[in-house]
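I am opening my notebook on a new structure.

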Amino acid sequence: MNNILIDLKTENNFAFGKLYQDNFTKISKFVQNNNGNQADAEDLFQDAMMVLVEKLRQDNFKLTASIDTYVYAICKNLWFKKLRNKNYEISVDEMQSFDFLNSINDSIEDEKNYLEKLKGYLVKITDHCNRLIHDIFFREKAIEQIQKDYGYSSRHNAQNQKHKCVEQIRKVKEKEEKLKKS
């Protein structure tokens, strides 16, 4: 991980290419699921890279999450800010502001907390569902690939199984929330 940070600090194009390869599909899906399009996702990713480079140049910068989580958090913040202020372009100065950078750090913490909670839920569901959820949501396999890999007779059966597994997680989450309240 430190190698990619060093390469990014020196603005090595290979490092940016690797970051793009590892993250753009997820960022693009996020933008398209939130009232955006492919062009918006491309612009957003470029803006996120500018923010990242600025952060890396700061002497006191310390990465507290994976670089992928950090990039996703930057993109999420930029995109939601843009949506809140429709037709509003975010300036470079604003991207570097203290409040904006703090909101990115808060998003990273939220993302880490969410992932930790999710990992806790995943160990409490069936092994089959655990594998299925990992394949769909973490490895981002298409439902057609899931159908093939798991031997489901139809796409509909694969989607049904996905729904049942998500329901298992929801029930575990509800049970834990009830225990916390009592």
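What volume does the largest pocket have? I looked it up in the model, which is predicted. The volume of the largest pocket is about 1100 Å³.

**Entry: the pocket lining**

Next I listed the residues around the largest pocket. I found 31 residues in the lining. Nearest the centre of the pocket lie Tyr 114, Leu 115, Leu 118, Phe 137 and Phe 138. Then I checked the elements that give two or more residues to the lining: helix 2, helix 4, helix 6 (98-122), helix 7 (127-138) and helix 9 (155-181). Helix 2 gives the most, with 8 residues.

I also sorted the lining by class. I noted 13 nonpolar, 5 polar and 13 charged residues. Domain 1 (1-89) and domain 2 (110-181) each give at least three residues to the lining.

**Entry: helix 2 against helix 4**

I turned to one helix pair. Two packed helices are described by the angle between their axes and the distance between the axes. For helix 2 (residues 13-32) and helix 4 (residues 67-84), I noted an angle of about 35° and axes 10 Å apart. The crossing of helix 2 with helix 4 is right-handed.

Which residues meet here? From helix 2 I wrote down Leu 19, Asp 22, Asn 23, Lys 26, Ile 27, Phe 30 and Val 31. They meet Ile 67, Asp 68, Val 71, Tyr 72, Cys 75, Lys 76, Trp 79 and Phe 80 in helix 4. By class, I have 10 nonpolar, 1 polar and 4 charged residues in this contact.

Notes: Residues numbered from 1 in each chain as written. Predicted model: local features only at pLDDT ≥ 70, side-chain atom pairs only at ≥ 80, totals over all residues. Heavy atoms only, no water. Axes fitted to C-alpha atoms, helices over the stretch in contact; angles between N-to-C directions. Helix = DSSP H or I, 4+ residues; strand = E, 2+ residues; numbered from the N terminus. Left-handed = near helix turned anticlockwise from the far one by under 90°. Contact = heavy atoms within 4.5 Å. Nonpolar A, V, L, I, M, F, W, Y, C, P; charged D, E, K, R; others polar. 1 Å grid on protein atoms, 1.4 Å probe; cavity = no way out; pocket = protein on both sides within 12 Å on 5 of 7 lines; lining within 4 Å. Points joined across faces, edges and corners; volume = space filled by probe spheres on them. Domains from an automatic or database assignment.
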